[in-house]
Every structure is written in C-alpha cells, then in structure tokens.
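Open the structure in your viewer and keep the selection tool at hand. Each stop below says what to select and what is found there.

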Amino acid sequence: MNKIINILLFIIPYFFQAQNLAVNLVNQNEFLTPGKVQTLVFKITNPFSKDILVTPKVTLPKGWILAAAPYDLDLAANETKIYLAAIQVPINSSKGKDSIHLIINDKTNTILYSQDFALMVSQVQRITLDVISTPSYVKAGDTIHSFFILKNEGNVEENIFIETSAATFVKGDNPILLLPGMAATINVYQSTDLEQPKPSQNLIKLTASVKSDTTQSVFASQITNVIPAFPVNEDVWLRFPIRAAATYIGRQQRNDYESGFQGEIYGSGALNEENTKFLEFRAIGPDRFGLTAFSQYEEYFINYKSNNFYAHLGDKIFYSSFLTEFSRYGRGVELRQKYKKLEVGGFYNKPRFFKDIKEEINVYAKVNFNAKNNIRYGYLLKRKDSHQEDHLHYVSGETNVFDKIGIQGEYAVSNNEKTQGTAWQLQAQTYFNDLNVNVSYIYASPHFSGYYTDTQFFTSNVNYRILPKLNLSANYQKDARNFQRDTLYGAAPFREAFQIGMRYNYLKSGAVSLFSGTQEYEDRMERKQFFYKERFNRIELTQDIYRFSVNFQMFFAETTNFLINSTGKTSIQTANVSYNYKRNSISLYGSYSTVSRYAAKDEKLFLYGGRINAAIYDRWYLSLFYQNTYYLEEYYRDRNLLELALNYRISPRQQINMLSRYALAQKQLENKDFSFSVRYALDIYAPIKKVKEYGFFEGNITALENAQVQGVKLHLGPYSAITDERGHFLFKNVKPDTYFLEVEQGTLGVKDITDIDIPAKVTIAEGGNYLDFGIIKASNIKGIIMLDDKDIADKEQSVIVEITSDNQVFRKICKITKPFDFTYLRPGDWKLKVYRNALDSKYKILTDDINLTLNPNEDKQVQIKINKTEKEIKYLQKPMRVGFNTSKDKK
C-alpha cells in the first residue's frame, strides 16, 4: 500500500504539470516550401516551480524528413525556451493543409504533452526538360528521332504544352498532363531532305510551358549532323542576285475594264567577298500608277556604295535636312565621300510629284567627331517654275551627354528676291533605368521656304516606371500645318492631342491600361469631312493566352463638332482576337461605335473584319483580308476592303504571285475599285568573279569476305561522307590540301577491317581525286609459351613478342606462364619475333622467329618454346708431383 502511495505521489505532480505545459508553434501560419529545409519554432513554457528535463519528439507526415537530430531541453521553473525542429518537405508534397504531431516526454519517458499542429504547404510549380538520346548524325533522307524526358518537380498537377522547332513533330499527346513527381518521355522526329546538297546541322528544340504566369518555360535542344546523300558542287563564283519580273494588271471600275503589263528588273548585292562594295539597280515600267493606286509608278535608278563612297543616279527620295528638304521624290544624281572624320556630298534633283519646284541643288560638309557627335553645314538651291530661286543655308548636329541624353538640332535660313525666313528644330531624348523622355520642337517662320512654312510642330513623350509592374506615361503631339508634301500621297489629318496614362502588368502576358486626355482632328482637304475636338477616357486590356492574343478597348468622349457646331457623346468599343502558330495566323477585329464627329450626330458605325495568313505545304502561301468599312479619318489613304494574295513557289528561283483587291482609293468615299495582278518573278544569280577552288574526292569500298560496306562513315579532315549500298563514297567541295582519311569504327562490322592502313594520307588537288579500298574480316594471333621448367620460381618473368607487316608493328610484354594474343589484324604476311626482355639467363628461347600468313577471319595459333639450359661444371687445377723421401736415420 505504501508503494502505491509513493508512486502516486511521484506521478501526480507530473500529471498536473503535463496538463498545464504551455507549447506554442510560433511560425505555424507560415507556408512551407517543398524541397527546402525549414525550421519549426516551438516556444515551450514550464509554469511550475520545479525544474524539468524534457525530450520533444516531432512526428512528421509520410515522406517528410527531420533534417536535424532531436535534443533534450532543460526547463527551469517558470522558464520559457525555444525548441527548433528542422524539417524538409518533399518537393512533390501536395499543396494545402498537413499536420505534424509533437510529443514531449520527461526523463522517465512519461508523456507530458501531446498535440497536433496544422501546417500549410505552399504551391510549387516547376518543370524540367532534358535530352535522353538523339543520333549524332544521319544521312539525308533519313528521319531524326530524338527522345526527351519531361518531369513535373512541383506539387500541383500540370497541363504542359510542348512547342517544337521548325519541321519537328511530337509523337503522342500534346499537351501532356503530369501529376506531381511524375515524368513522361517525349518522342519527337524531324524528316530530312533526300536531295539536300550540303551538310547541315539540324536543330531539334523543345519548349515546355504551362498556362501560368509564375512558371517559366523550359527548353532543351540537340543538334544532329545531316550528311548529304547526293552532294553537289559548291558554287565557286561570287554571284550577284538579280530578279526579273513581269506583271499583268487589271482594273474594273464602273463597268470600265482596263489592263496593262509592267516589267521589272532589280539587282542588289556585294561586288567583293569582303562585302565592302555594293551595287543596286532597278528598272520598272511603264508607269501603271494611274491604272490602279496599288500599282508601282515607273522607276529607274542605279547606285554604288563602299565604306567611304556613295553614288546614285536616277529616281529616289532626296533629303538635304529635316527643315530644308525632308522628303522629295525625284530623278537626279547624288554623291557622298568620306575622308576619315570629314564627309562631303551633294545632289541634283528634278522632283517628279511636286510641280512647284523645277529642280534642286544641294551640297554639304559634315564632321563626325565620333559615332554620336557630329556637325553638318549645307546649302540648298530651289528653282521654281516662276523663275524664283530660294537659297537655303542650314547647320545641324547631334551630341550625346553621359550616354544618357541625346540632343539633335538644326538651324536654317532662307532668302529669295522678295522674302527671308528662318526655322529651327530641337530634339532631345533621355534614357534612364525607369525614366524615358523624348521631346521634339519645330518652328518655321511665315516666309521660310523650306519643307515647312509658317508652322510649329511639337511632340513629347514621358514614360516612368514607378513599380516593376506599374508604368505612368504622358504625351503631347501637335502636327505641322504647312509642309510641302509630294502630291502623290494624301495628307493625314491635322492632329493635336494630349494624353496621360497608366499601365499595370498584372501578368507577364497581360496588362490593363487607363488613359485620359484631349484630342483635336481636322481634315486637311478643302472640303472638310470632319473637324472636332474631344475630351476622352480610354480603357484597354491586353492578354496573351498560349498562342492566342486578345485586346479589348473602350473609348468614351465628349465631342465638340466644329463642322456642324454641335456637341455630343462618342463611344467606341473594340475587340481584337488573334491566333499565331509558326507561319500561320488568324486575326478577327470588331468595333461598334456611336460617334458625333461627322456630318450626322450620334451616327452608329459597326466595323468588322479579319485576316488569315497560312503557309500551305512548302510552296504555297495564302493571305486573305477583309474589312467592311473604315472611319472617315483614314480616307486620305488607300483602303483595302477585300484582299486575296496567293504565292506559289515553282522552284527555288521561280515564283508566281496573284493578288486581287477590292478597295477605296485615297480621297474616295463611295467609288470602289476592283483590281488584280499576276506577277511572275525569276531570280538570277549572275557570276561576276571566281573566288574559290575546290576538288572532290570519291572512291569505292569493296566488300571482301561478306563484309558490310553500306552506311560506313568516313571523315576527311572537317568533311564527312557515308557510303551507299554499293560502298561508294563522295566528298564534294573539298579545299585543296593534305588530309587524313579516317573511318568511324562504330560504323564497321564487329570484325571488319580495311585492307589499307587507316588513317590514310590523302592530298586533294583541284578537280577529281580517287581512292578505292576494301573491307575484309580481321584475323587474330593466339599464342602460348611452352616452358619445360615446371618448377619455375619467378613466375613474373616475361618476354617481348613483336609482330610486323610491311607497314605495321605491334609489341607486347608477355609473361612466360600465360598465353598471349594479337587481335584485329589485317590479313597478309606477318613476322613474329621474341626478345628476352631481361629473361633469366638460365632460359633459352628456342622459337624466336616465325613467319606467318594470316587469312581473313582466321585465329592463328602459335607456340613459343623456352627451355631451361643444362650447365657443365669443369674443375681446373695445376698438376701435382707425387714422390718419396728416404730418411738418413733408417739407413
């Protein structure tokens, strides 16, 4: 009874103590990351007056690892201590809630505390892609088969999309569904062209991606060498590319059909191997621009360019400076020459599409201090039909400050018999990590006779990234009003606009933008179709989803219509959806609007259309475009309503292009034109200089004793070839030199050997070079050493066995107690010799020279005899005399 009482007295305090032991998991609310070692922090409090020694023990879910050994904790009375438990969560542990169990025992192994703790495992998305196997080479016409392994090393199920490089295809499912910790083998293949003329390195690349903005795509790639089956001679000429084309054009308008032909010849290319001298020319005519707006006007020109010299004769867009003559198409001549840092030049031009100017003459000099700092002075003379001459002088330059700020500027003056004028232009850009600013201002006085007259033109753009995903922007633009544009093209509407905006990239492939501002549009035509000013707000959403791209816009504005002196509301909702896959794409467009911009108030417009681009096999390419109508702001240009283009490549140098259009010409609102054209083009590569010398090297491998001769890979320096079924090989386009011909051993049969020494020295000369040899079954020599001394004490003694042919020598050190062999020998006559190699002198080699004839696929047996020699012992000494002496006493 006393024992029971003592036990109870001993246990009861600990029982009450265990009930009140305070334990808190400090970081219980933190997420655990699979694959990493993390520490659980327990705060343990002993609320009693007695010291205790405890042993915490953490029980983990299946697969979890305790990364550090548990240890005891000594707690004084009313003391709180921290207990650390390092654990590792497996990489493929499922995300979500899991639990651990904590038990605390005292030194008698009595449980003082027992409790479950819920923990949260975070989501991990990680995929890997690696190459398993791929052939190092194939013959042209064969199919390359490669194997990759895709692993899901995260803890969530993934639907993984596989994208391949060009002309590569996946066997099996795509996309691939993988559970956490699972892997899949991907079999891909790529066909090769049997008629491939040159060796190539074909790339097989796979990219694995998931529909998640947090997971990066992974890729793996491998290169396979493709050896041509029918190699062709490499071109030894430097050739100049020329395209000759003939086009038939037809147009139907108001029951009136017109047609005509147009021819073209165009060439552009280098004149030397160093690509430092270039020639370009074009001749196209007659002029068919009047037949249809989409036709080409006649054009004839030739130009030559080198590192320091440029010359042009014929039609082009001539340019003197931004203020004096920015863009003037005409027929003339231009020259430029560089002398180190100095550049001089000029042109003579007779404008073709601006009748007010009869001719122009320009000269200039420019000093280039370095790539980003220069100054230029020029003079331009304009002769007009009214016999007026305008003289313009200009100075321009650019500089760069601290590689962060770029500044360009120009100042120009003009004068004639009646007036004088000035103009200036200043432009600056700044590029910092988070801030980009671009500002441009142009001023031209009322009497300035350059490209601009009586105008101010100002643009500015500011973009500031305040957060990694948040950008702020502001821009202002005011178009120039008076400028001398060529009459061939319509003038875009005058526009003055100010806009501020914010863009937030909520995903790598998605963003939402908000804009607010004012804009003014004014038709430049004499009879205006629109003239309005708006205060607007615009919302834009863009998102890429795998191969799809979507864009949605909503535009709301208060419109003041100066054309009809009214105010109203304008709203435009626009949607764009596109799909892109390699060379194929589809895009759809739709816009519904209620506008108060034109002659009618609250006019409702519905615009829709789309485009299809498709590569059909290797030779066909199709493009189809349709849009039902356009906004009035675009009527200054030609507008396609329906366009169908079909291109067919007859051969690598020939193609046919068919194009049909149903369109509104510029400045037209109602009258539509139907036009079509059929164009045949031939590419010509004219030889201008022989730049290379090549030889070819070919031969036949003969099969002896049923050896394999097909598929043998040979190397000649950097060149490679594979034999066909007859054993024929051919190296083309080999530079003349001395090489060594090698055979890749892995492509021969197990016992096959060439009947000539390989590597073989080969000297290639220009033209043909030939070598024939055979493949035969290799022979072996197997030998034993016959020793008559059975009780030999030193069994490590050896001899040297040597075999020689006409041009090969092999040696081996052979122990006298073991057999020896020589394998993979070329059949023929061989001589075997045996050398002592410090063999004990008491042994004599009886067989030290053997002549052998090896037949194909033969195992020749040989014996080497070694005897122990008997030694005769001979005793040598001088002759002895034997005699007797007679004593005198006996006498």
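Select strand β3 (residues 37–45) together with β1: the two pair in the antiparallel sense over four bridges. Strands here are DSSP runs of E with at least two residues, numbered from the N terminus, and two of them pair if DSSP finds at least two bridges between them. This is a predicted model, in which local features need pLDDT of at least 70 and side-chain atom pairs count only at pLDDT 80 or more, while totals for chains, interfaces and linings use all residues. Residues are numbered from 1 along each chain as its sequence is written, and side-chain values use heavy atoms, with hydrogens and water left out.

Now pick A22, which stands opposite T45 in β3. On strand β1 (residues 22–25), V23 and L25 form the covered face, and A22 and N24 the uncovered one. In a regular strand the side chains alternate between the two faces of the sheet.

**Stop two: an open sheet**

Select β47, β46, β49 and β51, which form an open sheet of four strands in that order, with antiparallel pairing. At its edges are β47 (719–722) and β51 (760–764), each pairing on one side only. Inside the sheet, three bridges join β46 (residues 713–716) to β49 (residues 737–743). Show H715 and, opposite, E742 in β49.

**Stop three: salt bridges**

How many salt bridges does the structure hold? There are 35, each being a side-chain nitrogen of Lys or Arg within 4 Å of a carboxyl oxygen of Asp or Glu.

Select E264 and R679, whose closest N and O atoms are 3.1 Å apart in a salt bridge. E264 lies in strand β20 (residues 256–270) and R679 in strand β44 (residues 672–690), so the pair ties together parts that are 415 residues apart in sequence. Both residues, E264 and R679, are buried, where buried means under 20% relative accessible area, exposed over 50% and partly exposed in between (1.4 Å probe, protein chains only).

Next, select E325 and K382, where the salt bridge is 3.7 Å from N to O. E325 is in the loop between β23 (309–318) and β24 (328–339), and K382 in strand β27 (residues 373–384), so this pair ties together parts 57 residues apart in sequence. E325 counts as buried at 0% relative accessibility, and K382 is buried with a relative accessible area of 0%.
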